Amino acid sequence: MSKARSNISANYIGQIWSAVSVFIFVPFYLEFLGTEIYGLIGFYITLMGVLAFADAGLTASLTRDMARLSSDEYDQSERGNLLKTYEVIYFGIASFIAILIYLTAPYIASHWLKTDDIPLEQLILLIKIMGVAIALQLPANLFLGGILGLQKQVLANSLQISWSVFRGAGAIAMLYWVAPTIEVFFYWQLLSNLFYFIATRHCIWKSVNLAKLQCKFDRYVILGSWKYASGMFGMTLISIALLQLDKIIISNLLSLELLGLYTLSGTIASVPGVLGRPITRAIFPKFTLLVAENKLEELYSLYHKSSEIVSLVIIPVALTGALFASKLMFIWVGSAEIASITANVTALLILGALLQSLTAVPFHVALAFGNVSLNLRIGLLSIVIITPLLFLLIPNFGIEGAAFAWFIMNILIIPPYIYFLHRRFLKHQIKKWLWNSIFKPLFVSFPILILGLFLMPEIKSQLLSFLYISGVWLITISCLVYSTSTARKIASTYLKNWKYLC
């Protein structure tokens, strides 16, 4: 099995499990804790996303530099010094996060979150636990990024899956056997993140194959990568603002229960990104090497093949999710009330996520060139657009207003972003990309799914509803695969041996 093939296989297994595990575990959390308490879990997820700014672009830089230094022309000690330097810096960052959350927990509990059911002292304690748990998870994410840069996707996904099972299934076991309380849930998250931190650190040092004592902190590592890291830091801040600003405002203006419902919708909306991410994670190191070797024709070929596969995977799934949003939510949580409240929110968030996911491959090409200025400018413009929309729409339309603001922002921003990105890094490739990766999949998928929605009978059984929607999706993707010779060739090669990526 080729390395690219095994890497994509591992990434898909990891990402599919990541998505499936959430859909398995969340209904249990809702049953044990209730919707409002689940909103506190949603706040934890938001807080973790916000504090990702402390990464300062280090994880992306480590992934890129580990891939760059994987060439035989580099001394292995360079990777060891690189890892040691990033590790020392990140330990300082993690310590800062833990102290920051500990000190600000009383203010967050008393002035930010809106809840009448959780005592103030209990809420303060929970927020402090969140801070320590996050401070442990962020360095683990850094080490995982380094493992991915070494193109050890099998190892990286094995670690993620093991952690996910331990964290999710263990939490359910603790809620069932110890006590169905939010304190038990968060103490288990803390313990799980500690084990994850230890495991990822051990594995990356073992992969580097150098003793920690042999390596040293090298300030020239930072000097050599500061430009890329600072650009990635700017992109991280922008990404946090775009992905978390709606939840931050909801957590302050609306109740924890509504934040919990919005988090549920966001979970379903994450599926397109989850399905497309394994390809981009596996291909990014190859993009980086092709750019470094100035093999542009090979880069263009790989770009179109990976873009078409991403579109083939995510467009039918996203359109299915948007059109059948209410039914899918009911299938998942078993509550007609929740499904009704979140139907429009889920559909809008999925469509916005679809637009974002379609830019993933072009985005990684730009990163492979080491240039982030375009992404920074577009990101800043996105914040300028979405911020007033959120403050205008959330007070008037609640969580539906937040979802609509997210969708409108993506509609306005992504077309010019794609145009300028292609003009700068992928000259003369945009027409081919638009036709093969956007228009063709949409033209084939949308009519079939609309027909399937129109013909769907009234089905009370959650299982039968799921089987019907799955059948419509299978018909859609089958027609998409066999609609043109190009799609047939790509899908056939991908399913048989994936040699086109080698």
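## Helix H12 and the glycine after it

Gly-334 follows helix H12 and has a positive phi, near 75 degrees. This is a predicted model. Helix H12 covers residues 325–333. Its buried residues are Ala-325, Leu-328, Met-329, Ile-331, Trp-332 and Val-333.

Leu-328 is also one of the residues touched by Thr-320. Thr-320 belongs to helix H11, residues 296–323. Beyond its sequence neighbours up to four places away, Thr-320 touches Leu-328, Leu-449, Ile-469 and Trp-473. The relative accessible area of Thr-320 is 5%, so Thr-320 is buried.

## A positive phi without glycine

His-428 is not a glycine, yet its phi is positive, at about 65 degrees. Most residues other than glycine have a negative phi. His-428 sits in the loop between helix H15 (373–425) and helix H16 (430–455). Its relative accessible area is 80%; because exposed means over 50%, His-428 counts as exposed.

## The chain as a whole

The protein chain has 18 helices and 0 strands. Of its 502 residues, 55% are buried. The chain exposes about 21900 Å². Carbon and sulfur atoms supply 67% of that area.

What share of the contacts between residues at least 6 apart in sequence joins residues at least 24 apart? The share is 82%.

## Phe-287 in helix H10

Helix H10 spans residues 271–292 and includes Phe-287. Is Phe-287 buried or exposed? Phe-287 is buried, because its relative accessible area is 2% and the cut-off for buried is under 20%.

Leaving out residues up to four places away in sequence, Phe-287 touches Leu-299, Leu-302, Tyr-303, Ser-306, Val-361, His-364, Val-365 and Ala-368. The C-alpha atoms of Phe-287 and Glu-298 are separated by 9.3 Å. These two residues are 11 apart along the chain.

## Aromatic pairs

The structure holds 13 aromatic pairs. One of them joins Tyr-44 and Phe-186. Their ring centres are 5.3 Å apart and their planes lie at 80 degrees, so this pair is edge-to-face.

Tyr-176 and Trp-177 form another edge-to-face pair, 5.6 Å centre to centre with 75 degrees between the planes. Here both residues are exposed. Ring pairs also link Tyr-29, Tyr-44, Phe-185 and Phe-186 into a cluster.

## Charges over rings

Lys-128 lies over the face of Tyr-102, at 4.1 Å from the ring centre. Arg-167 places its charged end over the ring of Trp-163, 4.1 Å from the centre of that ring.

## A nonpolar surface patch

Phe-166, Leu-191, Leu-194, Phe-195 and Ile-198 make a nonpolar surface patch of about 390 Å². Which helix gives the most residues to this patch? Helix H7 does, with 4 residues.

Phe-195 is found in helix H7. Its relative accessible area is 41%, so Phe-195 is partly exposed.

## Salt bridges

How many salt bridges does the whole structure hold? A search finds 2. One joins the side chains of Arg-201 and Glu-87, at 2.6 Å from N to O. It links distant parts of the chain: Arg-201 is in helix H7, Glu-87 is in helix H4 (residues 76–112), and the two are 114 residues apart. Arg-201 counts as partly exposed, at 23% relative accessibility. Glu-87 counts as buried, at 2%.

Asp-246 and Lys-247 also meet in a salt bridge through their side chains, at 3.6 Å from N to O. Asp-246 is buried, with a relative accessible area of 5%.

Key:
Residues numbered from 1 in each chain as written. Predicted model: local features only at pLDDT ≥ 70, side-chain atom pairs only at ≥ 80, totals over all residues. Heavy atoms only, no water. Buried < 20%, exposed > 50% of the residue type's maximum accessible area, 1.4 Å probe, protein only. Contact = heavy atoms within 4.5 Å. Areas by Shrake-Rupley, 256 points an atom, 1.4 Å probe, with all protein chains shown as cover. Phe/Tyr/Trp six-rings, centres within 6.5 Å; stacked < 30°, edge-to-face > 60°. Lys NZ or Arg CZ within 6 Å of the ring centre and 35° of its normal. Patch = residues over 30% accessible without salt bridge, like charges linked within 9 Å, V, L, I, M, F, W, Y side chains within 5 Å. Salt bridge = Lys/Arg side-chain N within 4 Å of Asp/Glu carboxyl O.
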